[in-house]
Amino acid sequence: RAYLYQGAQLEHTLMSAGGQLVRNNTSVYIIGENANARLHGVSVGAKDQHIDNHTLVDHVIGGSNTQQLYK
């Protein structure tokens with residue numbers, strides 16, 4: 001869980017490899033203007049594995065940017 005105030009910068013990178021059941025929860029609350037969040041993730045699993053990436057981004061205050069890329 002991250003709270004971004006005015007002008008804050010967040011770079012979040014996640015890698016999941018292995019495990020029969022994997023769940024990643026990421027929550028970002030943008031509560032200041034000119035804040036930026038970049039969320040990236042990569043999952044590498046076999047056919048009998050289950051990997052979930054759940055993201056919540058709440059732009060409480062406008063004027064900010066978010067980018068998400070998960071593969």
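Which residues does Ala 35 touch, not counting residues up to four places away in sequence? Ala 35 touches Leu 4, Tyr 5, Gly 7, Ala 8, Ile 30, Ser 64 and Asn 65. The model is predicted, with a mean pLDDT of 94 for the protein. Ala 35 also belongs to the largest nonpolar core, which has six residues, and the structure holds one salt bridge.

**Confidence of the model**

- In this protein, 100% of the residues reach a pLDDT of 70 or more.
- Confidence is highest in strand β1 (residues 2-4), at a mean of 97.
- Confidence is lowest in strand β5 (residues 50-59), where the mean is 94.

**The nonpolar core**

- The six members of the largest nonpolar core are Leu 4, Val 28, Ile 30, Ala 35, Ala 37 and Leu 39. Strands β3 and β4 each supply at least two residues of this core.
- Nonpolar side chains tend to be buried together in soluble globular proteins.
- Leu 4 is placed in strand β1. Its relative accessible area is 5%, under the 20% limit, and Leu 4 therefore counts as buried.
- Leaving aside neighbours within four places in sequence, Leu 4 is in contact with Leu 10, Val 28, Tyr 29, Ile 30, Ile 31, Gly 32, Ala 35, Asn 36 and Ala 37.
- Leu 4 and Ala 35 are 31 residues apart along the chain, and their C-alpha atoms are separated by 6.3 Å.

**The salt bridge**

- The one salt bridge of the structure is formed by Arg 38 and Glu 11, whose closest N and O atoms are 3.5 Å apart. This pair links distant parts of the chain, with Arg 38 in strand β4 and Glu 11 in strand β2 (residues 9-17), 27 residues apart.
- Arg 38 has a relative accessible area of 38% and is therefore partly exposed.
- Glu 11, the partner of Arg 38, is likewise partly exposed, with a relative accessible area of 48%.

**The nonpolar surface patch**

- A nonpolar patch on the surface is formed by Met 15, Val 42 and Val 44, which together have about 280 Å² of accessible area.
- Val 42, one of the patch residues, is located in strand β4. With a relative accessible area of 35%, Val 42 is partly exposed.
- Val 42 and Gly 62 are 20 residues apart along the chain, and their C-alpha atoms are separated by 28 Å.

**The loop between β3 and β4**

- Asn 34 lies in the loop between β3 (21-30) and β4 (36-44).
- The phi angle of Asn 34 is near 60°, a positive value in a residue other than glycine.
- Asn 34 counts as partly exposed because its relative accessibility is 49%, which falls between 20% and 50%.
- Asn 34 and His 59 are 25 residues apart in sequence and 11 Å apart in space, C-alpha to C-alpha.

**The loop between β5 and β6**

- Gly 62 is found in the loop between β5 and β6, and its relative accessible area of 47% makes Gly 62 partly exposed.
- Gly 63 is placed in the loop between β5 and β6 (65-70). Gly 63 is exposed because its relative accessible area is 59%, over the 50% limit.
- Apart from its neighbours within four places in sequence, Gly 63 is in contact with Glu 33 and Asn 34.
- Gly 63 and Gln 6 are 57 residues apart in sequence, and the C-alpha to C-alpha distance between them is 9.9 Å.

**Further strand residues**

- Ser 27 lies in strand β3. Its relative accessible area of 18% is under 20%, so Ser 27 is buried.
- Not counting residues up to four places away in sequence, Ser 27 touches Arg 1, Ala 2 and Leu 56.
- His 59 is found in strand β5 and counts as partly exposed, at 35% relative accessibility.
- His 59 touches Ile 30, Ser 64, Asn 65 and Thr 66, with residues up to four places away in sequence not counted. Ile 30 is one of the residues of the largest nonpolar core.

Key: Residues numbered from 1 in each chain as written. Predicted model: local features only at pLDDT ≥ 70, side-chain atom pairs only at ≥ 80, totals over all residues. Heavy atoms only, no water. Helix = DSSP H or I, 4+ residues; strand = E, 2+ residues; numbered from the N terminus. Buried < 20%, exposed > 50% of the residue type's maximum accessible area, 1.4 Å probe, protein only. Salt bridge = Lys/Arg side-chain N within 4 Å of Asp/Glu carboxyl O. Core = buried A, V, L, I, M, F, W, Y, C linked by side-chain atoms within 4.5 Å. Contact = heavy atoms within 4.5 Å. pLDDT = per-residue confidence, 0-100. Patch = residues over 30% accessible without salt bridge, like charges linked within 9 Å, V, L, I, M, F, W, Y side chains within 5 Å. Areas by Shrake-Rupley, 256 points an atom, 1.4 Å probe, with all protein chains shown as cover.
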